[in-house]
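Here is a friendly briefing to read with the model open beside you.

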Amino acid sequence: MSPKPNVTAMRTAQIIEAATSVFAAKGFDGATMDDIAEAAGINKATIYLYFDSKDALIHAIAEQLFAQELAGLQAAHDLPGSATERLTAYYESLIAEEAEVLPLMPIFCEFCALGLRREDVRAVISDFIGQVTGLLESIIEEGIADGEFAPTDARQAARALDALLSGTLLHWVYAPEEVDVDAQLRYGVRLIFRGLVSHP
């Protein structure tokens with residue numbers, strides 16, 4: 001008799017996908033485990049085999065979102081080419097994922113709001129920001145060392161680039177009819193690059 005397949009990864013992904021949809025539609029407070037079970041097409045008791053609370057699910061979703069962005073930035077960081085080309089590749093990847101990411105912004109914003117009240121959530125967000133800033137800073141430092149960028153505070157420049165993304169998405173959340181995320185990101189990146197580039 002062949003052993004039973006391990007379905008843990010598949011079931012976890014199924015639950016997270018369902019919870020993401022429910023949280024995006026109803027918010028963290030409005031969603032129930034019953035709602036998530038119904039969306040996943042499973043019994044609520046099955047969810048508790050993988051996640052012991054709604055909070056655990058919220059953390060898992062946020063960490064997955066953060067991991068996806070970090071993977072894209074790490075890939076850009078590891079590319080050959082100039083600092084400008086690598087930073088551009090990162091923002092181009094974000095723009096390419098716009099249709100997938102924008103519907104999840106309510107979850108991201110709600111998670112960030114939780115971080116104002118809860119230390120555990122704030123720690124997750126702080127770690128994510130630290131990793132993003134560190135990777136961006138590393139690329140900028142290499143650009144400075146190669147003479148591509150003018151001498152500058154690489155840490156502050158990295159924070160400016162990260163804030164460009166966060167701020168653009170926040171503007172879109174509150175004024176989607178006025179903000180073209182694609183165009184605004186491209187415009188902002190060009191402005192920052194103009195300030196970074198080394199002039200003879």
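Lining the largest pocket are 24 residues, and Glu 69, Met 105, Phe 108, Phe 128 and Leu 169 lie nearest its centre. The model is a predicted one, in which local features need pLDDT of at least 70 and side-chain atom pairs count only at pLDDT 80 or more, while totals for chains, interfaces and linings use all residues. Residues are numbered from 1 along each chain as its sequence is written, and side-chain values use heavy atoms, with hydrogens and water left out.

**The pocket**

- Two or more lining residues come from each of α4, α5, α6 (98-101), α7, α8, α9 and α10.
- On a 1 Å grid over the protein atoms alone, a pocket is an open set of points where a 1.4 Å probe fits, with protein on both sides within 12 Å along at least five of seven lines; lining residues have an atom within 4 Å of a point.
- The space in the largest pocket comes to about 580 Å³, where grid points are joined across faces, edges and corners and the volume is the space filled by probe spheres set on the points.
- Sorted by class, its lining has 17 nonpolar, two polar and five charged residues; Ala, Val, Leu, Ile, Met, Phe, Trp, Tyr, Cys and Pro count as nonpolar, Asp, Glu, Lys and Arg as charged, and the others, Gly among them, as polar.

**The overall fold**

- The chain has 10 helices and zero strands; both are DSSP runs numbered from the N terminus (helices H or I, at least four residues; strands E, at least two).
- Its C-alpha atoms fill a box of roughly 70 × 50 × 30 Å along the principal axes.
- Of the 200 residues in the chain, 38% are buried (buried is under 20% relative accessible area, exposed over 50%, partly exposed in between, with a 1.4 Å probe and protein chains only).
- Among contacts (heavy atoms within 4.5 Å) with a separation of 6 or more, 66% join residues 24 or more positions apart.

**The nonpolar core**

- The largest nonpolar core holds 60 residues, and Phe 23, Ile 36, Leu 57, Phe 111 and Ile 140 have the most contacts inside it.
- Elements giving two or more residues to this core include α1 (8-30), α2 (33-40), α4 (54-77) and α8 (119-145), and α4 gives the most, with 10 residues.
- Such a core is a set of buried Ala, Val, Leu, Ile, Met, Phe, Trp, Tyr and Cys residues joined through side-chain atoms within 4.5 Å.
- Beyond its neighbours within four places in sequence, Ile 36 is in contact with Ile 15, Ala 18, Ala 19, Val 22, Phe 23, Ile 47 and Leu 57.

**His 77 and Arg 86**

- His 77 sits in helix α4 and is buried, at 17% relative accessible area.
- Arg 86, in helix α5, is also buried, with a relative accessibility of 4%.
- Not counting residues up to four places away, His 77 touches Arg 86, Leu 135, Ser 138, Ile 139 and Glu 142.
- With that exclusion, the residues touched by Arg 86 include His 77, Ile 139 and Glu 142.

- Phe 149 lies in the loop between α8 and α9 and is buried, with a relative accessible area of 1%.
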